[in-house]
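Colleague: I have a model open and want to know what stands behind the words used for it. Can you take me through them?

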Amino acid sequence: MRPAATVLDSPLVGLPLAAADRLRARWLRLLGGLARPIVRRRELRVALLFSALIVTGLIGTLVAPLWLLLLGPLVWGVPHVVADLRYLVVRTGYHRRPHLGWLAGGPLLWIACGGDLVWGFVGAGAVALTARAGLARRLVALALLAAGGAGMLALGDVSDVVFAHAHNFLAVAFWWGWRPRGGWAHRVPLALFAAACGFLLTAPAVELARASGGLEWFGGAMGPEYQLWRVAPGVPPELGLRLVLLFCFVQSMHYAVWLHLLPDEDRRRATPPTFRASYEELRRDLGDVGLLVAGLLTVGVAAWAIVDLAQADRGYFRMARFHGHLEIMAGVLMILERRRGST
Amino acid sequence: MERRSIVAVVLGVVSVACATGVIESDSSQPELVVEPLAGTDARGLVNGIVWDRKKGGGLAGALVLVQCTCLPRMLERMTGEGGAFHFGELPPGRYTVQVLYRDANIQRTFDLAAGTRIRADVRVDPERRFIIS
């Protein structure tokens, strides 16, 4: 579609990409021999990046958890849902199986409209039954998904909360299983991630967040009490605040996985491409219209947040509600069909 | 237009509809009840009850906003015990009643004629959360 291509080929996009590529090239020249192993060895690069993101995310969680909880989804939310669709649907080729569109699309649309989460498990079960795998494996997957759906039903009003916490961890599981792992490098960020999660569940984490002023809110209805109701309902406040901090940190990591780590892991080449090449690849995967729609949604949510922060926040979550089950459906297919990554 | 572009546009439209709450599975609301007011007053009245969709009782502490171009400013009230709200002495015009409670945000729009009362009850699910990030 020409109008979309005109926008995507414009200097408005091209100039920042060229500037970013020049800046990175200069930075790498300055680093000299230090940068070489990081550029050449993906395992090392991803492990270093993930570790740095864990440390940054932990500091952010202890210093400004309420801001992270509010602004994270508004800035990274739409791009990470687009990454979900790109890596789990487009690059895996699942979009070329029309029956998956019908089996998964209906339940996902229903969930997006506010329907009960249990329908996502029904859809995932239907998808599992059509997987290219042996009957026994498919039936085991179906039984596990039925147990998951029954669990959601049993949890009642808090099923959304439990699912939201679990789905953040799912991103790290995707990263871990995306490629066959060799060596020890990937164990460092995994250990750091586990340690950070463990620390955030302790009393000193809440004390640090209090001491930094991170749990003070400037007003409005999105302070610590709201976050307690949202992500730790019915839990005593002290323990609830630990869960709020944990949610904040793992949510940040789940954005990091979909937007930084998984794209690096998924490339055929071990060395990172230029920003221009990454952009062209994204364009090929989504198509010009798809990329333009994604861009408009990203900018639209940000603009909405400027007008009404609280409504934009809820609007984004209504829009993104389906993607947790999309991840489950794609994950089930990948496991059943013994697929790693998108290739 | 190629199929991929059509899918992208449809997904974009559905996303906007979901974000704005235009399509929601449990968005049905009670019928509006319009009644003439006693006397010949040219003013109108809007009242109603904010109901708890799950438990059935009235919901205290919901913020009710009333907007109309016929008003100099937006009116607001918190529902009391029993979930009731009441706005009297309103000029005729096209009104929007907005109810905010936790993550719920429900709007009802209607025309208020002179000398009439409109009962605009609203059902909300107070435990509804939007958190899958």
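**What the words rest on**

Modeller: Chain B averages a pLDDT of 88, and 96% of the residues score at least 70; pLDDT is the predictor's confidence in each residue, from 0 to 100. This is a predicted model: local features need pLDDT of at least 70, side-chain atom pairs count only at pLDDT 80 or more, and totals for chains, interfaces and linings use all residues. Residues are numbered from 1 along each chain as its sequence is written, while chains are lettered from A and ligands numbered from 1 in the order in which they are written.

Colleague: What ipTM and pTM does the complex get?

Modeller: The predictor gives an ipTM of 0.80 and a pTM of 0.86.

Colleague: Why is A:Gly234 called exposed?

Modeller: Count the neighbours. A:Gly234 has 10 inside 10 Å, so it counts as exposed. A:Gly234 sits in the loop between α12 and α13 (237-266) of chain A. Across chain A, buried residues make up 37% of the 343.

Colleague: What makes a set of residues a nonpolar core?

Modeller: Its members are buried Ala, Val, Leu, Ile, Met, Phe, Trp, Tyr and Cys residues, joined through C-beta atoms within 7 Å. The largest such core has 95 residues; among those with the most contacts inside it are A:Val127, A:Phe249 and A:Val332. Helix α13(A) gives the largest share, 15 residues. Leaving out residues up to four places away in sequence, A:Val332 touches A:Ala124, A:Val127, A:Ala128 and A:Ala141. Another core, of 20 residues, lies apart, with B:Val46 and B:Leu90 among them.

Colleague: How do you know which residues of chains A and B are in contact?

Modeller: Two residues are in contact if their C-beta atoms, placed from the backbone, lie within 7 Å. That gives 34 residues of chain A in contact with 26 residues of chain B. On the chain A side, α15(A) brings the largest share, eight residues. This side divides into 17 nonpolar, 11 polar and six charged residues. Here Ala, Val, Leu, Ile, Met, Phe, Trp, Tyr, Cys and Pro count as nonpolar, Asp, Glu, Lys and Arg as charged, and the others, Gly among them, as polar.

Colleague: What makes β2 (residues 44-52) and β5 (residues 84-90) of chain B a pair?

Modeller: Strands pair if DSSP finds at least two bridges between them. β2(B) and β5(B) have five, in the antiparallel sense. B:Gly44 stands opposite B:Leu90 there. β2(B) also pairs with β8 (residues 116-119) of chain B, in the parallel sense over three bridges, and B:Leu45 faces B:Arg117 in β8(B).

Definitions and conventions:
Helix = DSSP H or I, 4+ residues; strand = E, 2+ residues; numbered from the N terminus. Buried ≥ 20, exposed ≤ 12 C-beta atoms within 10 Å, placed from the backbone.
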